[in-house]
Amino acid sequence: MQNWYMVTFVGKDRPGIVAEVSRILFEAGGNLGEASMSRLGGNFAVMLMLQIESEKEQIENLLKPLWDNLGLFFHIDKIAGNLHHHVEPNFRLSVHGADQAGIVAAVTGSLAELKFNILNLESDVGGTPEKPVYIMHIEGFADCSFESLEKSLQPLIIEKEIVVHLVPIDTMLG
Amino acid sequence: MAKLEILVYPDERLRQVSQIVKAVDSKIQNFIANLKETLKSLPGCVGIAAPQIGRFERIIIVDISSRPQHKNHGHLVLVNPVILFSEGNSVGREGCLSVPEYTGKVNRAKFIELEAQNEFGSNVTYQMEGYEARAVQHEIDHLDGKLFIDRLVGKRNDLKRRMDI
């Protein structure tokens, strides 16, 4: 029986991680679903959906060489596949400001109050080590008006001295 | 009038380049009526191109009037559309009837000037921008065998790049 798993890998970044991970999974009869992979700092993080006949213990044995050879930590969770049920984002936020603890908590806290469902969040720390800058992009869906969203973000823009650029996403379907 | 079936990627026929319509005769007008009916039956959809239903002639329909926040020219039937001039760039999110369950960001010209014939065979020209220009460029791509997934820009975005989405 084919099962779906969410598999995460984290390790020091180096060339060849994705090739090695996907080779091992392919040769074991695995099929990859949706995936997100990024270099975060000097690390490389992988989240991927894996469809495979094996049980969790068998996958752990299969992936052990990745720890032994590449020093990759991994974690496996059985999940429901649920492909082909995408939720379309209707808002996008770009946030930037002097790096400080609490930007993500403040912004996402305001969004959560309006039941904003975050579908994608990416952030980077730019600038110099002395003057780091935090830059974050969020896309998501909220069943509320642009104005109410904008209003809810106003207090934290002042409090955190950050710039928040909010735009509606109007997907063109043709 | 009949609602027509949409070809879905990876159907190779979507790669075919469509032929110029030599004359807007009653046969073409009947077909346009069916294409209109098909577009009307698809909720949220603002455009359709003839090759999407397997007819490889240069005909598109665009109608973004359901989104009045964007400047538009109403219901447009464009036969043999040609973009004469384009300017600017904007990244926006697109989806396609022929590529279900996926949307992505595509870079398009912000402003276009085009000429075409209408459903009665008369020559028409339009200047359009933003969302309507995006829809027309998306549909004209179908006439050349191109899909929006051939033009995707990466998920990560330069902060400096202005996003229209």
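Good morning. The model is predicted, so local features are reported only at pLDDT of at least 70 and side-chain atom pairs only at pLDDT 80 or more, while totals for chains, interfaces and linings use all residues. Residues are numbered from 1 along each chain as its sequence is written, and chains are lettered from A and ligands numbered from 1 in the order in which they are written.

I begin with chain A. Chain A contains four helices and nine strands; here helices (H or I, at least four residues) and strands (E, at least two) are DSSP runs, numbered from the N terminus. Read from the N terminus on, the order of elements in chain A is β-α-β-β-α-β-β-α-β-β-α-β-β. An automatic or database domain assignment supplies the domain bounds, and for chain A it gives domain 1 (3–79) and domain 2 (91–168). The C-alpha trace of chain A spans about 50 × 45 × 30 Å along its principal axes.

Two strands pair if DSSP finds at least two bridges between them. Within this arrangement, Leu173(A) stands opposite Gly95(B).

Finally, I turn to helix 1 (residues 26–40) of chain B. Which residues of helix 1 of chain B are buried? They are Ile28(B), Leu35(B), Thr38(B) and Leu39(B). A residue is buried if 20 or more other C-beta atoms lie within 10 Å of its own, exposed if 12 or fewer, and partly exposed in between, with C-beta atoms placed from the backbone. Seen down the axis of helix 1 of chain B, the buried residues fall within an arc of 95°, so they line one face of the helix; the arc is that of the directions from the helix axis to the C-beta atoms. Ser26(B) and Asn30(B), on the other side of helix 1 of chain B, are exposed. The cover over the buried residues includes strand 1 and strand 2 (59–62) of chain B.

Key
Contact = placed C-beta atoms within 7 Å.
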